[in-house]
Amino acid sequence: MSNAWTESFSTLAKNLRPSAVSGLFKAIKNPKMISFAGGMPAPEVFPIDKFAEGAHLLKDRGSELLQYGTATEGDSSLRSSLIKFMAPRLGRTVDMEEILLTTGSQQALDLFAWAMFDKGDAIITEEPTYMAALNVFSNHGAQAVGVPCDAEGMMVDKLPALIEKLRGEGKKVKGIYTIVNFQNPGGMTMTVARRQKLAQIAGEYGVPIFEDDPYGYVRYEGEHLPSIFSFDKAGNTLYAGSFSKILSPGVRIGWVCGDREIIRKMSAFKQSTDLCSSPITQALVAEYCEKGYLEQHIPVIADNYRKRRDAMEESLQRHMKPLDVTWVKPEGGFFFWLKMPGVDCEKLMTICLEKMVAFVVGTAFCIDPEAGRNYCRLNFTYCKPDKIEEGIRRMAEAIQSLRK
Ligand code: PMP
């Protein structure tokens, strides 16, 4: 029904489609649902007691911390802690002017889009990629163009021809968006050789890179790999991180590091987006980090999630392998990405929801939804191992019933 609101919506708002997960969130509230859907941490591992130690901040600094923050770029002691924490990954100690705290790394994506896109500009992404990044890009009028991936991440050798083709069509290529570690949804990690190559291509073609790394510290085996940022001596790379997967998504704190010009622009857009991130939560997280708790907590998370990852791997081997379903075992992060030949993920979803199992359909992660038709993304960090086994068993049953 139309009214003054619906009549006056922007074209963008009129064309907005409900997100593939927002409907699911209602379904997964049902405690009987086995949810592999959201990218959610296990609530059991939230460091509630250590975090609660910060309660004194309200008494000691309440009049300051309950006020608007004076620095849009974020709490300076938290930025200092992050600069130290990030130095091995970034290959250097960035300056205070090269880091901006954001309201989740989702906001870093949005601020990047404000600063970069005019209508019709191109942004190159992995195909498949994080759906909420695709939504940000389209909200800002940018056109996402996908590059296929294999077990080694984005196939970066395809980039030069793609950039030239887009430029030949008169498009401005404003960035390359990549989730280098334990990709969402693919689970794979970009090799060091490809990271180096990507930094080199970005330099040669003068295209910025957005390196999105919310999962990078959640590694279950093997060595941490150097970031693209660390290879990029020309300063073309923005690196974004987040507390969501290593501490709590509820604190809504992310960060972005890079060239001070782009950081300054993003900070200016942040002012009109939310004035500042919450001073009280930033101070709580700053104190938590200063006490060294973050470094202690990351192995706790990894030990817990490794068991869940292994439980899902075993259940997949048991129930899905006989059905010709394939996947890359993730070395870290939150997701398995299943290729299910001959299975329409949306039909599978309907049956699975009746069986009280939820996941996210592959079509949601693809610029061309058809490319994701036979795929689905499963999160393994939220459910306990016994639930994981039961959920995978039910999904396998659903696949068999679809193939009959
Ligand atoms: N980037 C990627 C790849 C993600 O998967 C997510 C969250 N699932 C985000 C960014 C945003 O995370 P947050 O805003 O919670 O930091």
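I count two residues as in contact if their C-beta atoms, placed from the backbone, lie within 7 Å. The model I am reading is predicted.

**Helix α10.** I looked up its length first, and at 1.5 Å a residue the 14 residues of α10 (residues 192-205) should span 20 Å, which agrees with end C-alpha atoms that are 20 Å apart. I then looked for its buried residues and found R194, R195, L198, A199 and A202. Seen down the axis of α10, these buried residues fall within an arc of 140 degrees, so they line one face of the helix. On the face turned away from that buried side I noted the exposed residues A193 and E204.

I next asked what covers the buried residues of α10, and the cover includes the strands β5 (153-154), β6 (173-178), β7 (209-212) and β8 (237-242), together with α11 (228-231). Just after α10, I found G206 with a positive phi of about 65 degrees.

**Ligand shell.** Around the ligand I found 13 residues, of which G104, S105, Q106, S242 and S244 come nearest. Helix α7 (residues 104-116) gives the largest share of this shell, with 3 residues. Sorted by class, the shell has 8 polar, 4 nonpolar and 1 charged residues.

**Three-stranded sheet.** I traced an open sheet of 3 strands in the order β10-β13-β12, with antiparallel pairing. Here β10 (335-339) and β12 (360-361) stand at the edges, each with a single partner strand, so one side of each is left without a neighbour in the sheet. Between β10 and the antiparallel strand β13 (residues 375-379) I noted 5 bridges, and for W337 the bridge partner in β13 is R377.

Terms used:
Residues numbered from 1 in each chain as written. Predicted model: local features only at pLDDT ≥ 70, side-chain atom pairs only at ≥ 80, totals over all residues. Helix = DSSP H or I, 4+ residues; strand = E, 2+ residues; numbered from the N terminus. Expected span 1.5 Å × (residues − 1). Buried ≥ 20, exposed ≤ 12 C-beta atoms within 10 Å, placed from the backbone. Arc of directions from axis to C-beta. Near = placed C-beta within 6 Å. Nonpolar A, V, L, I, M, F, W, Y, C, P; charged D, E, K, R; others polar. Pairing = 2+ DSSP bridges.
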